[in-house]
Amino acid sequence: MNYYSLNRQSPTVSFAEAAVKGQAPDKGLYFPEHIPQLPANFIQDIRQYSKEEIGFLVMKPYVAGSLPDDVLQKIVKETVDFEFPLVQVNATNFSLELFHGPTLAFKDVGARFMSRCLGYFNRNSNNHVTVLVATSGDTGGAVANGFLGVEGVDVVILYPSGKVSPVQELQLTTCGQNITALEVDGSFDDCQAMVKQAFADAALNEKISLTSANSINVARWLPQQLYYFFAFQQWQETTPPVISVPSGNFGNICAGILAHISGLPVQHFVAACNANDVIPSYFTSGGNYQPKQAVATLSNAMDVGNPSNFIRVLELFGNQFPAVSKAVSAYSVDDETTLNTIKDVYEADGYILDPHGAVAYHALCEYVKDFGVIRTDYEPVIHNPKGIFLETAHPVKFPEAVEKATGQAVPVPDNVKHLFDKEKQSIKMSASFNDLKDWLMSRK
Ligand SMILES: *Cc1c(COP(=O)(O)O)cnc(C)c1O
């Protein structure tokens, strides 16, 4: 499989090159040259396949020419080494729990797959690669954990001091080995600016090979398709599900749509957004895309004002608005509704949503209310559809909002308890690029 740049000013490249580069030289996102079609009997018999087999079969065409089968098999096995349960919450809504990975958020799958790919592509180089990443909370933990122990790769994470939740901070600062956490006396924007400056600094790039773990990387984006296959494998209903995806940068939902276009039955996609409503406005305005400044919300992993992967969604539909709007709807859910949703679902069904899952839950209900009884523009016509919402983070990562809504402390899951026995290890740093540069230059 080759990948072209969506800006169409750079040559096509292999999966390996797209993964190592991240972004094309013309600053475009890489996109697969064709979308593989899955054999019909694979979908029909999906229950007979293991997670590892599904992962291998789905990913194989995308990495062809870059990863030998045995390497892909090993990478997939390590990537999906935890559960992805579909839990029925009430009569119509099912939660696909994507928070059973090591850092309790769905980014684990993409980060684990990408880190192992980069480790493999770098296997014959004597050069140590340094992955430099700024985080507001979730990404850093997933990237740190994904790269933990990967040979030839050092990871340096910048996070804003005092601005990540306690669980998030422990996940960032207790890995050890090849992972170093820099605790920056500043905001997330400061951290991001320092990282950007580092990539642009000639002297620094001459001394060390810097790589980014950006969320637009094909090796992070493509494996997210697997969630949708795992969901379908557990789906017992006769009609295909409506799937509601809490969306910020639109990488996850875009991967779901890709899975659908390759043959996975899905009735409709709901893009669930918080107050950052660029995409809901795109739909209500008939296809007018207007990026905005991001605003802070309770579902902060989706505080994005210019979703970088949406251009990939458009590409999947040939940039035709009618085709996009037939397959996808979008809703914006504010913080008050998010809290009320957490409270209502907890009281009615005893299920604890995190703020991101709550946005998706509410958007799914809105969609069903709008279109559920009969949808004439979609074949086949389906009555009272049942839906899946993606629960992308464990509620314990957002304890304040969840406790405010339910009045209860969030129970700490067993796989987090061990974190509280560990000691935070971070290097304090001012929010100045020169300090970062000096520190990077003086490392051995
Ligand atoms: C990153 C993230 C999202 C948004 O996913 P995108 O692929 O950026 O749309 C949603 N929920 C959680 C918990 C996240 O960490």
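Colleague: Let's start with confidence: what is the mean pLDDT of the protein?

Modeller: This is a predicted model, and its mean pLDDT is 92, with 97% of the residues at 70 or more. Over residues 373–381, though, the pLDDT is below 50, and this stretch has 17 contacts in the model beyond near neighbours in sequence. Where pLDDT is low, predicted coordinates should not be read in detail.

Colleague: Thanks! Why is Thr-392 called buried?

Modeller: Buried means under 20% relative accessible area. Thr-392 has 6%, so Thr-392 is buried. It sits in the loop between strand E13 (387–391) and helix H18 (399–406). Leaving aside neighbours within four places in sequence, Thr-392 is in contact with Leu-98, Leu-104, Ala-105, Phe-106, Pro-246, Asn-252 and His-356.

Colleague: And which residues come nearest to the ligand?

Modeller: There are 15 residues around the ligand, and Thr-392 is one of those that come nearest, together with Lys-107, Gly-248, Asn-249 and Phe-250.

Colleague: Now helix H20: how do you know on which side its buried residues lie?

Modeller: In H20 (residues 433–441), the buried residues are Phe-433, Leu-436, Trp-439 and Leu-440. They cover an arc of only 130 degrees around the axis, so they lie on the same side of H20. In an α-helix there are 3.6 residues a turn, so residues three or four places apart point the same way. Asn-434 and Asp-438 are exposed on the other side of H20.

Colleague: What do the buried residues of H20 pack against?

Modeller: Their partners include strand E6 (129–134), strand E7 (153–160), helix H8 (188–200) and strand E14 (427–430).

Colleague: Last one: which residues have the most contacts inside the largest nonpolar core?

Modeller: Those are Tyr-3, Phe-147 and Phe-229, in a core of 99 residues. Helix H11 (residues 225–233) gives the largest share of this core, seven residues. A second, separate core has 30 residues, including Ile-342 and Val-410.

Definitions and conventions
Residues numbered from 1 in each chain as written. Predicted model: local features only at pLDDT ≥ 70, side-chain atom pairs only at ≥ 80, totals over all residues. Heavy atoms only, no water. Buried < 20%, exposed > 50% of the residue type's maximum accessible area, 1.4 Å probe, protein only. Helix = DSSP H or I, 4+ residues; strand = E, 2+ residues; numbered from the N terminus. Arc of directions from axis to C-beta. Contact = heavy atoms within 4.5 Å. Core = buried A, V, L, I, M, F, W, Y, C linked by side-chain atoms within 4.5 Å. pLDDT = per-residue confidence, 0-100. Near = heavy atom within 4 Å.
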